[in-house]
Amino acid sequence: MFVALPAAAFGRAACEAGDALTLLHFNDFHGQLEPYEDPRDAVERGGIARLAATVAEVRAQDPSRPVVLLFAGDLLQGTLTSSLFLGVPDVMLLGRMGVDAAVMGNHELDYGQEVFRRLSEEAAFPFLSANVASDPEPLPVLASVVIERPGAPKVAVLGLTTPELTTATHPRNIEGISVEEPVAVARRLLPALRDKTDLVVVLSHMGIADDRRLAASVPGIDLIIGGHNHDLYAQPVLVENVPIVQAGERGGWLGRMDFQCRDGYLAQTDYALIPIDTASPEDPEIAEEVRRITLDAERELGREVGFNTRELSALRELIRREEAPFGNFVADLAREITLADVALFNGGGFRASIPAGAVTLKSIYQAFPFRNELVLGELTGARLLAALERSAALNPLDNPGGFLQVSGLRYIIEDGQLAGATIGDIPIDPTRRYRVVTSDFLAAGGDGYDMLKAMTKPVMTGRLISDMVIEGFRTESPVSAAIDRRIMRR
(Lines give C-alpha, C1' and ligand atoms only; values in the text may rest on other atoms or scores of the structure.)
Protein backbone atom coordinates (compact mmCIF):
# COMPACT_ATOMS: atom_id res chain seq x y z
CA MET A 1 0.00 0.00 0.00
CA PHE A 2 1.35 3.42 -0.94
CA VAL A 3 1.54 6.27 1.54
CA ALA A 4 1.05 9.66 -0.07
CA LEU A 5 3.66 12.13 1.13
CA PRO A 6 3.87 15.91 0.89
CA ALA A 7 5.80 16.67 -2.29
CA ALA A 8 9.26 17.93 -1.37
CA ALA A 9 11.81 19.29 -3.82
CA PHE A 10 15.22 17.65 -3.75
CA GLY A 11 18.64 18.65 -4.96
CA ARG A 12 19.68 21.79 -6.75
CA ALA A 13 19.61 20.66 -10.35
CA ALA A 14 16.52 21.29 -12.39
CA CYS A 15 14.73 18.33 -13.94
CA GLU A 16 12.69 18.02 -17.07
CA ALA A 17 8.99 17.32 -17.22
CA GLY A 18 8.42 13.58 -17.24
CA ASP A 19 11.60 12.72 -15.32
CA ALA A 20 10.91 10.02 -12.74
CA LEU A 21 12.78 7.64 -10.46
CA THR A 22 12.02 4.74 -8.12
CA LEU A 23 14.29 3.80 -5.22
CA LEU A 24 13.93 0.31 -3.74
CA HIS A 25 15.64 -0.71 -0.50
CA PHE A 26 16.04 -3.49 2.04
CA ASN A 27 18.43 -4.10 4.95
CA ASP A 28 19.83 -6.60 7.46
CA PHE A 29 19.50 -9.62 5.19
CA HIS A 30 21.66 -11.88 7.39
CA GLY A 31 21.97 -14.72 4.89
CA GLN A 32 18.22 -15.40 4.83
CA LEU A 33 17.92 -17.13 1.46
CA GLU A 34 14.85 -19.14 2.47
CA PRO A 35 11.53 -17.84 3.79
CA TYR A 36 11.31 -17.65 7.58
CA GLU A 37 8.58 -17.49 10.19
CA ASP A 38 8.42 -14.11 11.90
CA PRO A 39 8.38 -14.84 15.66
CA ARG A 40 6.32 -11.71 16.31
CA ASP A 41 3.24 -12.80 14.40
CA ALA A 42 4.02 -16.32 13.04
CA VAL A 43 3.71 -15.03 9.45
CA GLU A 44 5.97 -16.57 6.82
CA ARG A 45 8.10 -13.82 5.32
CA GLY A 46 11.01 -13.29 2.99
CA GLY A 47 12.83 -15.65 0.71
CA ILE A 48 15.27 -14.22 -1.81
CA ALA A 49 13.38 -15.79 -4.74
CA ARG A 50 10.28 -13.79 -3.73
CA LEU A 51 12.30 -10.64 -3.08
CA ALA A 52 13.95 -10.87 -6.50
CA ALA A 53 10.63 -11.46 -8.27
CA THR A 54 9.05 -8.47 -6.49
CA VAL A 55 11.94 -6.24 -7.58
CA ALA A 56 11.54 -7.50 -11.15
CA GLU A 57 7.80 -6.83 -10.96
CA VAL A 58 8.40 -3.21 -9.95
CA ARG A 59 10.87 -2.77 -12.81
CA ALA A 60 8.39 -4.25 -15.30
CA GLN A 61 5.55 -1.91 -14.32
CA ASP A 62 7.11 0.87 -16.41
CA PRO A 63 10.30 -0.16 -18.23
CA SER A 64 11.00 3.49 -19.06
CA ARG A 65 11.05 4.46 -15.38
CA PRO A 66 14.57 4.12 -13.83
CA VAL A 67 14.76 1.88 -10.76
CA VAL A 68 17.65 1.91 -8.25
CA LEU A 69 17.98 -0.96 -5.75
CA LEU A 70 19.99 -0.33 -2.54
CA PHE A 71 20.92 -2.64 0.33
CA ALA A 72 21.56 -1.10 3.76
CA GLY A 73 24.00 -3.60 5.20
CA ASP A 74 24.50 -6.82 7.20
CA LEU A 75 24.53 -9.29 4.35
CA LEU A 76 26.24 -12.00 6.41
CA GLN A 77 25.76 -14.07 9.54
CA GLY A 78 22.64 -15.60 10.96
CA THR A 79 21.85 -18.70 8.90
CA LEU A 80 23.45 -22.05 8.36
CA THR A 81 24.02 -21.43 4.64
CA SER A 82 25.72 -18.12 5.36
CA SER A 83 28.05 -19.73 7.89
CA LEU A 84 28.85 -22.80 5.80
CA PHE A 85 29.39 -21.02 2.49
CA LEU A 86 30.77 -17.74 3.92
CA GLY A 87 28.32 -15.47 2.10
CA VAL A 88 29.21 -16.53 -1.44
CA PRO A 89 25.63 -17.53 -2.44
CA ASP A 90 24.25 -14.37 -0.84
CA VAL A 91 26.52 -12.05 -2.83
CA MET A 92 25.88 -13.97 -6.04
CA LEU A 93 22.09 -13.86 -5.69
CA LEU A 94 21.98 -10.19 -4.70
CA GLY A 95 23.96 -9.50 -7.87
CA ARG A 96 21.45 -11.45 -9.95
CA MET A 97 18.65 -9.46 -8.31
CA GLY A 98 20.27 -6.26 -9.58
CA VAL A 99 21.47 -4.54 -6.40
CA ASP A 100 23.13 -1.25 -7.39
CA ALA A 101 25.05 -0.63 -4.15
CA ALA A 102 25.35 -1.95 -0.59
CA VAL A 103 26.70 -0.36 2.55
CA MET A 104 29.15 -2.29 4.71
CA GLY A 105 27.32 -3.53 7.82
CA ASN A 106 28.81 -4.35 11.22
CA HIS A 107 28.54 -8.11 10.51
CA GLU A 108 30.41 -7.99 7.20
CA LEU A 109 33.71 -8.85 8.91
CA ASP A 110 32.36 -11.73 11.03
CA TYR A 111 34.05 -14.35 8.86
CA GLY A 112 37.29 -12.38 8.75
CA GLN A 113 38.67 -9.60 6.59
CA GLU A 114 39.88 -11.91 3.85
CA VAL A 115 36.40 -13.35 3.35
CA PHE A 116 34.92 -9.87 3.07
CA ARG A 117 37.64 -8.78 0.68
CA ARG A 118 36.89 -11.78 -1.55
CA LEU A 119 33.15 -11.14 -1.46
CA SER A 120 33.59 -7.44 -2.23
CA GLU A 121 35.83 -8.17 -5.20
CA GLU A 122 33.48 -10.83 -6.59
CA ALA A 123 30.25 -8.86 -6.07
CA ALA A 124 28.47 -7.41 -9.09
CA PHE A 125 27.78 -4.26 -7.05
CA PRO A 126 30.00 -1.99 -4.93
CA PHE A 127 30.17 -2.10 -1.15
CA LEU A 128 30.27 1.42 0.29
CA SER A 129 31.65 2.89 3.49
CA ALA A 130 33.07 6.39 3.68
CA ASN A 131 34.05 6.16 7.34
CA VAL A 132 35.81 2.77 7.53
CA ALA A 133 39.55 2.60 6.91
CA SER A 134 42.01 -0.29 6.92
CA ASP A 135 45.76 -0.22 7.43
CA PRO A 136 48.02 -1.24 5.81
CA GLU A 137 45.84 -2.74 3.07
CA PRO A 138 42.69 -0.76 2.16
CA LEU A 139 39.39 -2.60 2.08
CA PRO A 140 37.79 -2.95 -1.38
CA VAL A 141 35.00 -0.49 -0.58
CA LEU A 142 34.07 2.90 -2.03
CA ALA A 143 33.07 5.99 -0.09
CA SER A 144 30.27 6.78 -2.53
CA VAL A 145 28.94 6.02 -5.96
CA VAL A 146 26.98 8.07 -8.50
CA ILE A 147 24.26 6.06 -10.22
CA GLU A 148 23.23 7.30 -13.63
CA ARG A 149 20.47 6.01 -15.88
CA PRO A 150 19.87 7.40 -19.39
CA GLY A 151 17.57 10.39 -19.16
CA ALA A 152 17.20 10.03 -15.40
CA PRO A 153 18.26 12.13 -12.40
CA LYS A 154 21.78 11.45 -11.10
CA VAL A 155 21.74 9.75 -7.69
CA ALA A 156 24.72 10.05 -5.33
CA VAL A 157 24.90 7.32 -2.69
CA LEU A 158 27.19 7.84 0.32
CA GLY A 159 27.84 4.82 2.56
CA LEU A 160 28.22 5.15 6.34
CA THR A 161 28.87 2.31 8.79
CA THR A 162 28.16 2.21 12.53
CA PRO A 163 31.17 2.66 14.81
CA GLU A 164 29.93 -0.55 16.48
CA LEU A 165 31.84 -2.35 13.72
CA THR A 166 34.89 -2.33 15.99
CA THR A 167 33.07 -3.93 18.94
CA ALA A 168 30.34 -6.09 17.36
CA THR A 169 32.62 -8.64 15.73
CA HIS A 170 35.49 -10.71 17.10
CA PRO A 171 38.45 -8.39 17.76
CA ARG A 172 40.69 -10.51 15.52
CA ASN A 173 38.47 -9.50 12.60
CA ILE A 174 39.09 -5.77 12.98
CA GLU A 175 42.87 -5.66 13.26
CA GLY A 176 43.98 -2.52 11.41
CA ILE A 177 40.37 -1.33 11.01
CA SER A 178 39.30 2.12 12.17
CA VAL A 179 35.92 3.84 11.97
CA GLU A 180 35.74 7.62 11.67
CA GLU A 181 32.92 9.58 13.27
CA PRO A 182 30.17 9.49 10.61
CA VAL A 183 28.80 13.03 10.99
CA ALA A 184 32.26 14.51 10.43
CA VAL A 185 32.75 12.36 7.34
CA ALA A 186 29.36 13.31 5.91
CA ARG A 187 30.02 17.01 6.44
CA ARG A 188 33.30 16.68 4.59
CA LEU A 189 32.01 14.70 1.60
CA LEU A 190 28.43 15.90 1.07
CA PRO A 191 29.14 19.26 -0.61
CA ALA A 192 30.96 17.72 -3.59
CA LEU A 193 28.22 15.11 -4.08
CA ARG A 194 25.56 17.79 -3.74
CA ASP A 195 27.14 19.91 -6.48
CA LYS A 196 27.26 17.22 -9.15
CA THR A 197 24.05 15.21 -8.62
CA ASP A 198 20.30 15.65 -8.40
CA LEU A 199 19.59 13.42 -5.40
CA VAL A 200 21.90 12.72 -2.44
CA VAL A 201 21.14 9.49 -0.56
CA VAL A 202 22.98 8.31 2.56
CA LEU A 203 22.99 4.52 2.64
CA SER A 204 23.45 3.98 6.35
CA HIS A 205 24.08 1.01 8.58
CA MET A 206 24.13 2.99 11.81
CA GLY A 207 20.69 2.68 13.41
CA ILE A 208 17.91 5.18 13.87
CA ALA A 209 19.54 7.22 16.66
CA ASP A 210 22.62 8.00 14.57
CA ASP A 211 20.51 8.50 11.45
CA ARG A 212 18.46 11.11 13.30
CA ARG A 213 21.64 12.83 14.49
CA LEU A 214 23.01 12.80 10.95
CA ALA A 215 19.84 14.32 9.49
CA ALA A 216 19.82 17.05 12.14
CA SER A 217 23.54 17.86 11.81
CA VAL A 218 24.46 17.68 8.13
CA PRO A 219 22.73 19.85 5.52
CA GLY A 220 22.32 18.65 1.96
CA ILE A 221 21.00 15.11 2.56
CA ASP A 222 17.86 14.27 0.62
CA LEU A 223 17.17 10.80 2.00
CA ILE A 224 18.65 8.35 4.52
CA ILE A 225 18.12 4.66 3.79
CA GLY A 226 18.94 2.94 7.05
CA GLY A 227 19.57 -0.41 8.68
CA HIS A 228 21.07 -2.01 11.80
CA ASN A 229 18.07 -1.75 14.16
CA HIS A 230 15.85 -4.10 12.09
CA ASP A 231 13.15 -1.43 12.47
CA LEU A 232 10.11 -1.32 10.24
CA TYR A 233 8.71 2.09 9.37
CA ALA A 234 5.40 2.19 7.52
CA GLN A 235 6.13 5.86 6.83
CA PRO A 236 9.47 7.66 6.66
CA VAL A 237 10.70 9.25 9.88
CA LEU A 238 11.20 12.97 9.16
CA VAL A 239 14.06 14.87 10.83
CA GLU A 240 14.71 18.41 9.59
CA ASN A 241 12.57 17.42 6.57
CA VAL A 242 14.96 14.56 5.74
CA PRO A 243 13.09 11.24 5.35
CA ILE A 244 14.67 8.24 7.10
CA VAL A 245 13.48 4.80 6.02
CA GLN A 246 14.20 1.26 7.18
CA ALA A 247 12.55 -1.98 6.02
CA GLY A 248 12.68 -4.51 8.82
CA GLU A 249 15.01 -7.45 8.34
CA ARG A 250 15.84 -10.63 6.41
CA GLY A 251 14.13 -9.62 3.18
CA GLY A 252 10.70 -9.63 4.79
CA TRP A 253 9.83 -6.26 3.25
CA LEU A 254 10.93 -4.12 0.32
CA GLY A 255 10.77 -0.34 0.63
CA ARG A 256 9.76 1.72 -2.38
CA MET A 257 10.06 5.49 -2.77
CA ASP A 258 8.95 7.23 -5.95
CA PHE A 259 10.11 10.60 -7.30
CA GLN A 260 8.82 12.78 -10.13
CA CYS A 261 9.70 16.08 -11.69
CA ARG A 262 7.32 18.75 -10.45
CA ASP A 263 7.61 22.44 -11.24
CA GLY A 264 11.09 21.85 -12.61
CA TYR A 265 12.47 20.09 -9.51
CA LEU A 266 12.65 16.48 -8.38
CA ALA A 267 9.97 15.71 -5.77
CA GLN A 268 9.19 12.70 -3.60
CA THR A 269 5.65 11.51 -4.27
CA ASP A 270 4.87 8.12 -2.71
CA TYR A 271 6.33 5.63 -0.24
CA ALA A 272 5.38 2.00 0.28
CA LEU A 273 6.54 -0.98 2.31
CA ILE A 274 5.90 -4.02 0.16
CA PRO A 275 5.49 -7.22 2.21
CA ILE A 276 7.43 -10.23 0.95
CA ASP A 277 5.33 -13.22 1.95
CA THR A 278 3.39 -16.18 0.59
CA ALA A 279 1.36 -13.87 -1.66
CA SER A 280 4.54 -12.61 -3.37
CA PRO A 281 5.67 -13.91 -6.76
CA GLU A 282 8.75 -16.14 -6.91
CA ASP A 283 11.67 -16.21 -9.32
CA PRO A 284 11.78 -19.92 -10.31
CA GLU A 285 15.48 -20.00 -11.22
CA ILE A 286 16.57 -18.37 -7.96
CA ALA A 287 14.16 -20.60 -6.01
CA GLU A 288 15.80 -23.67 -7.55
CA GLU A 289 19.26 -22.31 -6.76
CA VAL A 290 18.25 -21.75 -3.13
CA ARG A 291 16.90 -25.31 -2.92
CA ARG A 292 20.22 -26.65 -4.17
CA ILE A 293 22.19 -24.52 -1.70
CA THR A 294 20.06 -25.51 1.28
CA LEU A 295 20.12 -29.21 0.36
CA ASP A 296 23.91 -29.08 0.27
CA ALA A 297 23.94 -27.44 3.70
CA GLU A 298 21.37 -29.67 5.28
CA ARG A 299 22.62 -33.01 4.07
CA GLU A 300 23.93 -33.90 7.51
CA LEU A 301 22.23 -31.32 9.67
CA GLY A 302 18.73 -32.70 10.07
CA ARG A 303 19.88 -35.16 12.69
CA GLU A 304 18.23 -34.89 16.11
CA VAL A 305 20.45 -34.39 19.16
CA GLY A 306 17.89 -33.96 21.92
CA PHE A 307 14.53 -32.64 23.02
CA ASN A 308 13.35 -29.24 24.23
CA THR A 309 10.23 -29.07 26.39
CA ARG A 310 9.73 -25.36 25.65
CA GLU A 311 11.10 -22.87 23.15
CA LEU A 312 14.44 -21.30 23.94
CA SER A 313 13.74 -17.83 22.60
CA ALA A 314 16.44 -15.59 21.13
CA LEU A 315 13.95 -12.80 20.43
CA ARG A 316 15.90 -9.54 20.56
CA GLU A 317 13.35 -7.89 22.84
CA LEU A 318 13.94 -10.68 25.37
CA ILE A 319 17.52 -11.88 25.32
CA ARG A 320 19.00 -8.40 24.81
CA ARG A 321 16.94 -6.80 27.58
CA GLU A 322 16.38 -9.21 30.46
CA GLU A 323 17.03 -12.62 31.93
CA ALA A 324 16.15 -15.27 29.36
CA PRO A 325 15.80 -19.06 29.73
CA PHE A 326 18.08 -19.54 26.71
CA GLY A 327 20.76 -17.38 28.30
CA ASN A 328 20.47 -19.27 31.59
CA PHE A 329 20.75 -22.64 29.85
CA VAL A 330 23.91 -21.74 27.92
CA ALA A 331 25.59 -19.90 30.79
CA ASP A 332 24.81 -22.72 33.23
CA LEU A 333 26.25 -25.30 30.82
CA ALA A 334 29.47 -23.32 30.43
CA ARG A 335 29.92 -22.86 34.16
CA GLU A 336 29.20 -26.50 34.90
CA ILE A 337 31.66 -27.98 32.40
CA THR A 338 34.48 -25.58 33.33
CA LEU A 339 33.85 -25.43 37.11
CA ALA A 340 33.89 -21.63 36.87
CA ASP A 341 32.43 -19.31 39.50
CA VAL A 342 30.73 -17.13 36.90
CA ALA A 343 29.71 -17.35 33.25
CA LEU A 344 29.08 -14.29 31.04
CA PHE A 345 27.53 -14.31 27.56
CA ASN A 346 26.38 -11.42 25.37
CA GLY A 347 22.78 -11.48 24.19
CA GLY A 348 23.90 -10.65 20.65
CA GLY A 349 25.62 -14.03 20.42
CA PHE A 350 22.23 -15.81 20.39
CA ARG A 351 21.14 -15.52 16.76
CA ALA A 352 18.03 -17.72 16.53
CA SER A 353 15.54 -19.44 18.82
CA ILE A 354 15.53 -23.20 19.34
CA PRO A 355 11.90 -24.38 19.06
CA ALA A 356 10.18 -26.74 21.43
CA GLY A 357 10.33 -30.40 20.44
CA ALA A 358 13.06 -32.36 18.71
CA VAL A 359 16.30 -30.35 18.46
CA THR A 360 18.49 -30.73 15.38
CA LEU A 361 22.06 -29.80 14.60
CA LYS A 362 20.70 -27.23 12.18
CA SER A 363 18.72 -25.38 14.86
CA ILE A 364 21.78 -25.18 17.12
CA TYR A 365 24.09 -23.95 14.36
CA GLN A 366 21.51 -21.33 13.41
CA ALA A 367 21.42 -20.17 17.01
CA PHE A 368 25.23 -20.05 17.27
CA PRO A 369 26.68 -19.35 13.82
CA PHE A 370 29.74 -17.42 15.05
CA ARG A 371 31.92 -20.43 15.99
CA ASN A 372 32.88 -18.74 19.25
CA GLU A 373 35.04 -20.68 21.70
CA LEU A 374 34.83 -20.84 25.50
CA VAL A 375 37.62 -19.03 27.36
CA LEU A 376 38.30 -19.68 31.05
CA GLY A 377 40.36 -17.40 33.25
CA GLU A 378 40.49 -15.28 36.38
CA LEU A 379 39.05 -11.82 36.83
CA THR A 380 39.07 -9.47 39.80
CA GLY A 381 35.77 -8.61 41.39
CA ALA A 382 36.34 -4.98 40.42
CA ARG A 383 36.52 -5.84 36.73
CA LEU A 384 33.62 -8.25 36.98
CA LEU A 385 31.55 -5.42 38.52
CA ALA A 386 32.71 -3.10 35.72
CA ALA A 387 31.38 -5.57 33.16
CA LEU A 388 28.03 -5.78 34.95
CA GLU A 389 27.92 -1.97 35.17
CA ARG A 390 28.38 -1.77 31.40
CA SER A 391 25.56 -4.25 30.84
CA ALA A 392 23.27 -2.38 33.24
CA ALA A 393 23.95 0.95 31.51
CA LEU A 394 22.89 -0.28 28.06
CA ASN A 395 19.55 1.13 26.93
CA PRO A 396 17.10 -1.80 26.64
CA LEU A 397 15.10 0.04 23.97
CA ASP A 398 18.10 -0.37 21.64
CA ASN A 399 18.05 -4.18 22.11
CA PRO A 400 21.80 -4.03 22.80
CA GLY A 401 23.78 -7.09 21.78
CA GLY A 402 26.14 -6.43 24.69
CA PHE A 403 23.51 -7.15 27.35
CA LEU A 404 24.92 -9.92 29.58
CA GLN A 405 23.25 -13.25 30.28
CA VAL A 406 24.89 -14.82 33.33
CA SER A 407 25.35 -17.85 35.55
CA GLY A 408 26.72 -18.07 39.08
CA LEU A 409 25.74 -14.55 40.06
CA ARG A 410 22.75 -12.27 40.40
CA TYR A 411 22.63 -8.63 39.43
CA ILE A 412 20.10 -5.85 39.83
CA ILE A 413 19.55 -2.95 37.41
CA GLU A 414 17.89 0.24 38.56
CA ASP A 415 17.50 3.33 36.35
CA GLY A 416 20.26 2.21 34.01
CA GLN A 417 22.76 1.53 36.80
CA LEU A 418 24.05 -1.52 38.60
CA ALA A 419 22.24 -1.56 41.95
CA GLY A 420 23.72 -4.76 43.32
CA ALA A 421 25.58 -7.93 42.40
CA THR A 422 26.09 -11.09 44.44
CA ILE A 423 27.63 -14.53 44.11
CA GLY A 424 25.58 -16.78 46.33
CA ASP A 425 24.21 -14.32 48.85
CA ILE A 426 27.51 -12.47 49.21
CA PRO A 427 28.25 -9.17 47.39
CA ILE A 428 31.00 -9.44 44.82
CA ASP A 429 34.30 -8.52 46.44
CA PRO A 430 36.27 -6.06 44.26
CA THR A 431 39.59 -7.40 45.60
CA ARG A 432 38.87 -11.09 45.16
CA ARG A 433 39.71 -13.10 42.03
CA TYR A 434 36.94 -15.17 40.43
CA ARG A 435 37.08 -17.95 37.85
CA VAL A 436 35.11 -16.68 34.85
CA VAL A 437 34.12 -18.47 31.66
CA THR A 438 32.97 -16.49 28.65
CA SER A 439 33.19 -16.46 24.86
CA ASP A 440 36.42 -15.63 23.07
CA PHE A 441 34.50 -12.69 21.62
CA LEU A 442 33.91 -11.10 25.03
CA ALA A 443 37.30 -12.16 26.40
CA ALA A 444 38.93 -10.20 23.57
CA GLY A 445 36.95 -7.07 24.47
CA GLY A 446 34.03 -7.55 22.08
CA ASP A 447 30.90 -5.41 22.52
CA GLY A 448 33.07 -2.86 24.34
CA TYR A 449 33.96 -5.11 27.28
CA ASP A 450 37.60 -4.02 27.46
CA MET A 451 37.70 -4.88 31.16
CA LEU A 452 37.44 -8.57 30.26
CA LYS A 453 40.74 -8.33 28.37
CA ALA A 454 42.35 -8.08 31.82
CA MET A 455 41.47 -11.72 32.48
CA THR A 456 44.54 -13.54 33.86
CA LYS A 457 45.56 -17.14 33.20
CA PRO A 458 43.21 -17.28 30.19
CA VAL A 459 42.75 -20.73 28.68
CA MET A 460 41.28 -21.23 25.23
CA THR A 461 39.29 -24.37 25.95
CA GLY A 462 39.00 -25.47 22.33
CA ARG A 463 35.28 -26.01 22.92
CA LEU A 464 32.88 -24.17 20.64
CA ILE A 465 29.70 -22.81 22.20
CA SER A 466 27.68 -24.61 19.52
CA ASP A 467 29.40 -27.92 20.35
CA MET A 468 28.78 -27.35 24.07
CA VAL A 469 25.07 -26.82 23.40
CA ILE A 470 24.91 -29.92 21.20
CA GLU A 471 26.48 -31.98 23.98
CA GLY A 472 24.14 -30.37 26.51
CA PHE A 473 21.08 -31.51 24.59
CA ARG A 474 22.54 -34.96 24.11
CA THR A 475 23.20 -35.46 27.81
CA GLU A 476 20.45 -33.43 29.52
CA SER A 477 17.36 -33.95 27.35
CA PRO A 478 14.61 -33.28 27.84
CA VAL A 479 15.79 -29.71 28.47
CA SER A 480 13.41 -27.47 30.38
CA ALA A 481 15.16 -24.13 30.95
CA ALA A 482 13.55 -21.41 33.05
CA ILE A 483 14.35 -18.12 34.77
CA ASP A 484 15.21 -17.78 38.46
CA ARG A 485 15.52 -13.99 38.99
CA ARG A 486 19.28 -13.88 38.49
CA ILE A 487 18.79 -10.61 36.56
CA MET A 488 16.28 -8.11 37.88
CA ARG A 489 15.20 -4.65 36.77
CA ARG A 490 13.42 -2.37 39.18
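I worked on a predicted model, where local features need pLDDT of at least 70 and side-chain atom pairs count only at pLDDT 80 or more, while totals for chains, interfaces and linings use all residues. Residues are numbered from 1 along each chain as its sequence is written, and side-chain values use heavy atoms, with hydrogens and water left out.

**Strand β10.** I took helices (H or I, at least four residues) and strands (E, at least two) as DSSP runs, numbered from the N terminus. Buried is under 20% relative accessible area, exposed over 50%, partly exposed in between, with a 1.4 Å probe and protein chains only. Is β10 buried or exposed? Seven of the seven residues of β10 (155–161) are buried, so the rest of the structure largely encloses this strand. I checked both faces. Val155, Val157, Gly159 and Thr161 are buried on one side, and Ala156, Leu158 and Leu160 on the other. In a regular strand, side chains alternate between the two faces of the sheet.

Next I looked for its partners; strands pair if DSSP finds at least two bridges between them. β9 (144–147) runs antiparallel to β10, joined by four bridges. Val146 has Ala156 as its bridge partner in β10. β12 (199–205) pairs with β10 in the parallel sense over seven bridges. There, Leu158 is bridged to Val202 of β12.

**Rings.** I counted rings of Phe, Tyr and Trp (its six-membered ring) as pairs with centres within 6.5 Å; planes under 30 degrees apart are stacked, over 60 edge-to-face, the rest tilted. The whole structure gives eight aromatic pairs. Phe116 and Phe127 have ring centres 5.2 Å apart and planes at 75°, so this pair is edge-to-face. Phe116 sits in helix α4 (113–122) and Phe127 in strand β7 (127–128), eleven residues apart. Phe116 is buried at 0% relative accessibility, and Phe127 is buried at 2%.

Phe326 and Phe350 are also edge-to-face, because their centres are 5.0 Å apart and their planes at 70°. Phe326 is in helix α9 (325–338) and Phe350 in the loop between β19 (342–346) and β20 (357–360), so the pair ties together parts 24 residues apart in sequence. Both Phe326 and Phe350 are buried. I also found Phe26, Phe29 and Phe71 linked into a cluster by ring pairs.

**Cores.** I defined a nonpolar core as buried Ala, Val, Leu, Ile, Met, Phe, Trp, Tyr and Cys residues joined through side-chain atoms within 4.5 Å. The largest has 42 residues, and Phe26, Ile48, Leu94 and Met97 have the most contacts inside it. Helix α1 (48–61) is among the elements that each supply at least two residues. The largest share, six residues, comes from α1. Another core lies apart from it, with 34 residues, among them Ile319, Ala334, Ala343 and Ile354.

**Sheet.** Which order do the strands of the open sheet take? I read five strands as β22-β19-β26-β21-β27, with mixed pairing. β22 (404–407) and β27 (456–464) are at the edges with a single partner strand each, so one side of each has no neighbour in the sheet. β19 and β22 run antiparallel, joined by four bridges. Leu344 stands opposite Val406 in β22.
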